[in-house]
Amino acid sequence: SANRRVRAHTWTWIAMQLANGTRAMQGKRLAQTTRLPSAGRGSVAARAAADRPMWLPGATPPAHLKGTIAGDRGFDPLSLGVEPERLKWYTEAELYNGRWAMAGVFGIIHQEALGKAGLIKDIPWFNTGYELKDEFPIAAQLGVLFPLFGFLELTRYQGFKKTGECGVINMFPFDPLGMKSEKMKEREVKNGRLAMMAFVGFVVQAVVCRQGPLDCMYGHIADPFNNNILTNIVSPAG
């Protein structure tokens, strides 16, 4: 009977060890299966970040720029858009200034081109207001522009606060041709940024060379070694 009790205890111990080993193996498998999805999600996120177009290849976007805004390339070195409400205003401001820049660049180039063709007075764009002061008095211009643009800006501000869209007077968004789409939003932002850079270039040309963009271009084409950004900065026009 003593031997039977010893054998019974032995088999009981063996069974307990086997049960503990089985539970340990199950725990390891469970831990592996719970870790795999997170690793998978990480790889998916890494692939998504790699596939996302960035302002600089391989750059890491800030956490507040998730690629959901048109033209978002992860560029915000000053962290201006960390606060969501501020980010909305900065997005609207960029779009609004980009539209003005596109209109301004178009007007500057076409005014100079029409002047060269003899269809209008050939006046540099930066001197137009002064040269036409007799035909369009400054006081009369201000008397029209201040109330007109004050009204347009006030209605735009109120409409944006209500709808989150950019528009004119009571049309938010302003899309008379029905062209609004994600692709067109992206194109508008890209062209607006390009126009803002072009306008800065026009201003620098006007200050340094006292010429319009077409005159500067013609001069550079005629003599690229003596008419370029380096020579003009070293010896600007008087």
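## The largest pocket

The largest pocket has a volume of about 1300 Å³, a volume being the space filled by probe spheres set on grid points joined across faces, edges and corners. A pocket here is an open set of points on a 1 Å grid over the protein atoms alone, where a 1.4 Å probe fits, with protein on both sides within 12 Å along at least five of seven lines; lining residues have an atom within 4 Å of a point. This is a predicted model, in which local features need pLDDT of at least 70 and side-chain atom pairs count only at pLDDT 80 or more, while totals for chains, interfaces and linings use all residues. Residues are numbered from 1 along each chain as its sequence is written, and side-chain values use heavy atoms, leaving out hydrogens and water.

Of the 38 lining residues, Leu95, Arg99, Glu165, Cys166 and Glu188 lie nearest the centre. H2 gives the largest share of this lining, 11 residues. Helices are DSSP runs (H or I, at least four residues), numbered from the N terminus.

## The second largest pocket

About 560 Å³ of space lies here. The lining has 26 residues, with Leu65, Phe75, Asp76, Glu94 and Arg193 nearest the centre.

## The nonpolar core

Now to the core: Ala101, Val105, Ile108, Ala195 and Phe202 form the largest one. Such a core joins buried (under 20% relative accessible area, 1.4 Å probe, protein chains only) Ala, Val, Leu, Ile, Met, Phe, Trp, Tyr and Cys residues through side-chain atoms within 4.5 Å. Helices H2 (84-116) and H5 (182-209) each give two or more residues to this core.

Technical notes. Buried < 20%, exposed > 50% of the residue type's maximum accessible area, 1.4 Å probe, protein only.
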